Amino acid sequence: MEQNEEFLAAVKRIVGRRHVLTASSATRRFRSAFRGGIGPALAVVRPGSLVEMWRVLERCIEARKAVIMQAANTGLTGGSTPHGPGCGRDLVIISGMRLNRVFPVDCGRQAICLPGATLWKLERTLARFGREPHSVLGSTCFGATVIGGICNNSGGSLVRRGPAYTEMALFAQVSSTWRLQLVNHLGASLPDAPEEALALLDRGEFELDAESCAEQRRGSDADYAARVRDIASSEPSRYNEDWRRLFETSGCAGKLAVFAVRVDAFPKDKETRVFYIGTNEPAALNRLRRTILTEFLSLPVSAEYIHRGAFDMAEDYGKEIFLAIRFLGTGVVPMLRFAQERLHELRRFMGLGGGERGGRLLHTLVQFLPNHLPERVRTYRERFEHHLLLKVADAGIEEARRHLRIAGADGALEAFECTPREANGAFLHRFVVAGAAMRFLEVQRSGIREIVPIDVALRPDDAQWHEFEPQDLRSELHASLSYGHFLCHVFHLDYILRPGIDPAVVKERLTTWLDARGARYPAEHNVGRLYRAGPKLEAFYRKLDPTNTFNPGVGQTSARAEWR
């Protein structure tokens, strides 16, 4: 206890007393995963500069504390929060959200982002250069950070860009002799002395290192488009244990302390169109996918799939967030989430519970508002089980028009070209699917409490992609939601269980069934606390962090010091 008091006093001298949180109520939102699960932490520390972050890390290593480097805590698998009984030592959460600067470099062709820089902020920084980041929806709206995405190889909805990836970063790691080391692979000229280097980067006083750039380190996944086009492969296009995309910070799952990353930016398309496609025949979408990936000269911008069950859940339980974004903009989502967390904390403090009653009231009131979806989209919901949003750009627009006329000639599928308002509404509807199941659990009164989410990459040649659960499991499910990124065959599957059904047993049956199909999981949300890291991924973690200081227990690996 006395040692902890000395440690906390030292940390408070570094960052200031108000930025060291120790009370259970104050640290709860940092210790709680987005989809449930909570664990213990000695303290949450919020440094205000990169130098402060380095000094806090030094104190943690000296005191042999376990460390979780946390960004926005928007992950869906609990990968940036403690979980369970602990790791045999005190754990400190270091939140980087105060460190949110973005430095455009090379006329906006790339950007250097600090730990708290969000995709939303990066998108707006790059807009003045006519460019955009690798992701422009989904994580952008939730307030996810650039570095969080890199560490988890997140995203990949944009067909030509792939998941978040870079080989250029500035990070700290702990050697096998418990020595904190700063590694500069950022492609920027910085001094060798850590605090001097970090102080310059804090102020944006750096120059690009031409010699480092000559090493041809990448700022994005340049091979992704070619992998997506390989539809004959039995290996999924992307998944979190893909050794081809595990490089230092990329895919590290918090096993390094990342101070900055350098990422590519992309030119904005001059013109885009969205085609809304409906069918009751999965084979028709199969044929369309094969044609797009093997014959189209221009890859689409994105191709988002929604099953009717997911459509219905999002229409009902995603309406609130849909309307908030429609009328207040994407930047409102992080603020709403923060306000909801604070309100829940206040209610717990007052002994009023977690706020379910207020959530139900808001949900009920919103249902009295007119239907928020475009009329033609609603009509397709009544007629078709399978929905595809195909977004194309520039030369690909006429190519898509021509082929959809041919593909629809036999009546197996139908499509219409969206107006801008319809396109925005359709994609926003697809976006809110991701939170609809959790919102359902929050506000329904039926006693249903369990959900099994699986983030899976199917084989590119899996023609039975539309089979989302085994037949013998259906009686145990209240609902099964299926949505995802169609061309790369990455799907998000949310299984809402009937009361009394054991989620661990259901997950085991589902994963065994998926294993037999050659699927890989997780595909883009990383292992977190929900998935077991495979041998290659665990070996990668051990190499990065031989003392097991950072994010111990991620991927259901050992949580003990030095991997004991």
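Here's a quick tour of the aromatic rings in this structure, plus a look at one glycine. Keep in mind that the model is predicted. The count of aromatic pairs comes to 17, and one of them joins Tyr276 to Phe416.

**The Tyr276–Phe416 pair**
- A pair of aromatic rings is described by how far apart the centres are and by the angle between the planes.
- For Tyr276 and Phe416, the ring centres are 5.6 Å apart and the planes sit at 15 degrees, so this pair counts as stacked; the cut-off for that is planes under 30 degrees apart.
- Tyr276 belongs to strand β14 (residues 272-279), while Phe416 belongs to strand β17 (residues 413-417).
- That makes it a link between distant parts of the chain, with 140 residues separating the two partners.
- Both Tyr276 and Phe416 are buried.

**A cluster of rings**
- Elsewhere, ring pairs tie five residues into a cluster: Tyr305, Trp465, Phe468, Phe486 and Phe491.

**Charges over rings**
- Arg245 has its charged end over the ring of Tyr165, at 4.9 Å from the ring centre.
- Lys391 puts its charged end over the ring of Phe427, and here the distance to the centre is 6.0 Å.

**A look at Gly408**
- You'll find Gly408 in the loop that runs between α16 (395-407) and β17, the strand that also holds Phe416.
- Gly408 has a relative accessible area of 26%, so it is partly exposed.
- Gly408 and Ile231 are 177 residues apart along the chain, and their C-alpha atoms are separated by 22 Å.

Methods. Residues are numbered from 1 along each chain as its sequence is written. This is a predicted model: local features need pLDDT of at least 70, side-chain atom pairs count only at pLDDT 80 or more; totals for chains, interfaces and linings use all residues. Side-chain values use heavy atoms; hydrogens and water are left out. Rings of Phe, Tyr and Trp (its six-membered ring) pair if their centres lie within 6.5 Å; planes under 30 degrees apart count as stacked, over 60 as edge-to-face and the rest as tilted. Helices (H or I, at least four residues) and strands (E, at least two) are DSSP runs, numbered from the N terminus. Buried means under 20% relative accessible area, exposed over 50%, partly exposed in between (1.4 Å probe, protein chains only). A charge sits over a ring if NZ of Lys or CZ of Arg is within 6 Å of the ring centre and within 35 degrees of the ring normal.
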